[in-house]
Amino acid sequence: MNYNTKTLASGLRVIHLPSASPVVYCGYQIAAGTCDEQPGEEGLAHFCEHMTFKGTERRNALQIINALERLGGDLNAYTNKESTVFYAAIQKEHLRVAVDLLSDMVFHSQYPQAEMDREVEVICDEIESYNDSPAELIYDEFENILFEGHPLGHNILGQADKLRTYTSDDLKRFTAQHYSPMKAVFFAYGDIDFQLLVKLLSRTTNSCSRTPEPPHLRTPELRTPDHLIVMDKGTHQAHVIIGTRAYAVHHPRRLVLYLLNNLLGGPSMNARLNLSLRERNGLVYTVESSMVAYGDTGVWAVYFGCDPHDVTRCRRLVRRELDKLMTRPLTRTALAAAKQQLKGQIAIACDNREQFALDFGKIFLFDGEERHLDRLFSKIDAITAADVQQVACELFPEERLTTLIFK
């Protein structure tokens, strides 16, 4: 993998990975998300993402929709806790159109009030749909408990009553502060000329203001949550999440947790929790463990849904698997198998070119590094059984974990 990289006069960083494919995935990754919202701005980052499609100085909403769609391309976006992403999938001959459109949207959107008044109801419907999905909602509620009082806690969508109070000036203020070339990366993956890409981006971004980097909201000292929290949601199933605050993205043990998490509750059917709760005991349809690494902290958790009468038994089985990892070092054979499985999953996932482009863009945005699988695999190979047991002993003690139950 030989990447091309460059930093433009505007401060925008550009990364390109050549490939033989005539399909190009490209777009902007912006270091601005929910964690950048000040008190009273909940849901604003996601609202800005929606409204960036609704009109610029040169294009109205319909022209934005048609710019790539009429060429068979695809235009999309998403917001998370630490970033907002606008990206496109195009044939390589339409690179000029895509760069011009994406740059126009990101840096010259007007956020018209009339469009806001319509779009806010779309987002409110999205919120209601999300509220009807307890298996998804419980993750946000859990993070709100872990990070109470910090922007990492509140959900990305915001609350309907608050969203309806925002004005065009609110969105312009937020994007003027955060949608800056200095806080962004443009990524591209495909058979295109890198010098042409640099020329196109220079033309569209060099007139943009170089806004100073706003202070990042560091994770404050947070109180220890209650060990058991039960919420009455009127659900047919019980939804349970068990977890704790974990490692930040640059923590030296983050990759060890990545391996351990995959072994315990990753996507494979032979994950230990799936074998215990589903295959051997038939108690759940879904059980998984997950980890998220943010800039200053992280989250690790186990989730399962089950019959309300089986909650205690399922929790006991989860506890048993955690205790095994704390008290019994992995054998050489088990560790080697876990490493091989994780590396294989990563390699197969990289065959999804769109996701791979988004991933290497994100890594370049936050780490300033190129993504090379051989380096990642070497780090995985260096993990020892003692490393895995150390992480288990650090994160899995019962007194450290918080359990949230929807019933």
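Predicted model: local features only at pLDDT ≥ 70, side-chain atom pairs only at ≥ 80, totals over all residues.

Q: What describes two packed helices?

A: Two packed helices are described by the angle between their axes and by the distance between those axes. Here helix H1, residues 44-51, packs with helix H7, residues 168-178, at an angle of about 100°, and their axes are 10 Å apart. Angles of 65 to 115 degrees count as roughly perpendicular, and H1 and H7 are therefore roughly perpendicular to each other.

Q: Which residues of H1 and H7 meet?

A: From H1 come Leu44, Ala45, Phe47, Cys48 and Met51, which meet Asp170, Leu171, Arg173, Phe174 and Thr175 in H7. Sorted by class, this contact of H1 with H7 has seven nonpolar, one polar and two charged residues.

Q: At what angle do H9 and H12 pack?

A: Helix H9 (residues 254-265) and helix H12 (residues 332-349) pack at about 95°, with 10 Å between their axes, and H9 and H12 are therefore roughly perpendicular to each other. On the H9 side, Tyr258, Leu259, Asn262 and Leu263 take part, and they meet Leu335, Ala338, Lys339, Gln341, Leu342, Gln345 and Ile346 in H12. The contact of H9 with H12 has, by class, seven nonpolar, three polar and one charged residues.

Q: How many salt bridges are there, and what parts does the pair of Asp191 and Lys92 tie together?

A: Side chains of opposite charge can pair when their charged atoms come close. With a salt bridge taken as a side-chain nitrogen of Lys or Arg within 4 Å of a carboxyl oxygen of Asp or Glu, the count comes to 16 salt bridges. In one of them, the side chains of Asp191 and Lys92 meet at 2.8 Å, N to O. Asp191 lies in the loop between strand E6 (184-189) and helix H8 (194-205), while Lys92 lies in the loop between strand E5 (84-91) and helix H3 (95-108), so the pair ties together parts that are 99 residues apart in sequence. Asp191 is partly exposed at 33% relative accessibility, and Lys92 is partly exposed at 34%.

Q: Where do Arg118 and Glu115 lie, and is each of them buried or exposed?

A: Both Arg118 and Glu115 lie in helix H4 (residues 113-131), three residues apart, which is about one turn of the helix. Their side chains meet in a salt bridge of 3.3 Å, N to O. Arg118 is exposed, with a relative accessible area of 53%, whereas Glu115 is buried, with a relative accessible area of 18%.

Q: Which residues are linked in a network of salt bridges?

A: Such a network links Arg58, Arg59, Asp100 and Asp104.

Q: Which residues touch the most other members of the largest nonpolar core?

A: In soluble globular proteins, nonpolar side chains tend to be buried together. The largest nonpolar core here has 70 residues, of which Tyr28, Phe186 and Leu197 touch the most other members. Helix H3 supplies the largest share of this core, eight residues. Leaving aside residues up to four places away in sequence, Leu197 touches Val14, His16, Leu95, Val99, Phe186, Ala188 and Ile192. Another core, of 63 residues, lies apart from the largest one and has Ala238, Ile242, Leu376 and Val388 among its members.

How values were computed: Residues numbered from 1 in each chain as written. Heavy atoms only, no water. Axes fitted to C-alpha atoms, helices over the stretch in contact; angles between N-to-C directions. Helix = DSSP H or I, 4+ residues; strand = E, 2+ residues; numbered from the N terminus. Parallel < 35°, antiparallel > 145°, perpendicular 65-115°, else oblique. Contact = heavy atoms within 4.5 Å. Nonpolar A, V, L, I, M, F, W, Y, C, P; charged D, E, K, R; others polar. Buried < 20%, exposed > 50% of the residue type's maximum accessible area, 1.4 Å probe, protein only. Core = buried A, V, L, I, M, F, W, Y, C linked by side-chain atoms within 4.5 Å.
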